[in-house]
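Please open the model in your viewer and keep the selection tool at hand. The stops below say what to select next and what is there.

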Amino acid sequence: MELKVWVEGVVRVVSGLSLNTSCQDVVIALAQAIGQTGRYILILKLRGNERHLVADDCPLQHLAQLGQLAAEVQFILRRTGPSLSEGPDTSTNERRLPLSRPSEPEPFKRREPQKKNLPLHTSNFPDTPNWQKTL
C-alpha cells in the first residue's frame, strides 16, 4: 500500500506500507528521502481539523477507520525542530525525553465559531406610554 504525504508543499508518496506501519517508520522514510535531519511530526488533516499523530500510530489504520471520509484526508509532515545532535550542546540529563503515548487517541480539534457578546440595554421608556394614560 502507499500513502501520500505533503512535505514542504509537495506531495510525496511512501510505498510498501502495511496496516501496521507506524508514523515513526513513515517519518524516517520521508526525512531520509528529502535528506534532512531534524524532529518531525505527522499530521492527519480532515476538513480543516488537524490531529498530531504519535510515533506508534498507524496512518493506514486511521484511513481504514474513517471509511469514505478517507478520501478527504491529507497527511502533512511538519518539521518541529533540529535533531538532538543539531541542537545546542546539552548534557544527557538536560535532554528532553519523548512523551509517552496517551491512553486514548487525541480527538479532532474542532474550530468553534466565535460568539460576540452584545451588551444588553435597558429601555428608558416608562412602562405605560403617555398616550395610553387616562386623565
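Contact here means heavy atoms within 4.5 Å, while helices (H or I, at least four residues) and strands (E, at least two) are DSSP runs, numbered from the N terminus. The model is a predicted one, in which local features need pLDDT of at least 70 and side-chain atom pairs count only at pLDDT 80 or more, whereas totals for chains, interfaces and linings use all residues. Residues are numbered from 1 along each chain as its sequence is written, and side-chain values use heavy atoms, with hydrogens and water left out.

Staying on helix 2, color Pro 59, Leu 60, His 62 and Leu 63, which are its buried residues (buried means under 20% relative accessible area, exposed over 50%, and partly exposed in between, with a 1.4 Å probe and protein chains only). They cover an arc of only 155 degrees around the axis, so they lie on the same side of helix 2; the arc is that of the directions from the helix axis to the C-beta atoms. Turn to the face away from this buried side, and you will find the exposed residues Ala 64 and Gln 65. Gly 67 follows helix 2 and has a positive phi, near 60 degrees.

Next, select helix 1, whose 12 residues reach 16 Å from the first C-alpha to the last, close to the 16 Å expected at 1.5 Å a residue (the expected span is 1.5 Å times one less than the number of residues). Which residues of helix 1 are buried? They are Cys 23, Val 26, Val 27, Leu 30, Ala 31 and Ile 34, and because they cover an arc of only 125 degrees around the axis, they are on the same side of helix 1. These buried residues pack against strand 1, strand 2 (10–15), strand 3, strand 4, helix 2 and strand 5. On the other side of helix 1, Gln 32 and Ala 33 are exposed, and just after the helix Gly 35 takes a positive phi of about 70 degrees.

Now show charged side chains. A search of the whole structure finds 2 salt bridges, each defined as a side-chain nitrogen of Lys or Arg within 4 Å of a carboxyl oxygen of Asp or Glu. One joins the side chains of Glu 72 and Arg 47 (2.8 Å, N to O); because Glu 72 lies in the loop between helix 2 and strand 5 and Arg 47 in the loop between strand 3 and strand 4, the pair ties together parts that are 25 residues apart in sequence. Glu 72 counts as partly exposed at 39% relative accessibility, whereas Arg 47 is exposed, at 59%. Glu 50 and Arg 78 meet in a salt bridge as well (3.6 Å, N to O), and since Glu 50 lies in strand 4 and Arg 78 in strand 5, this pair ties together parts 28 residues apart in sequence.

Finally, color by pLDDT, the predictor's confidence in each residue, from 0 to 100. The protein averages 75, and 61% of the residues score at least 70. Over residues 89–103 the pLDDT is below 50, and this stretch has 6 contacts in the model beyond near neighbours in sequence. Residues 128–135 also stay under 50, with 1 contact beyond four places in sequence.
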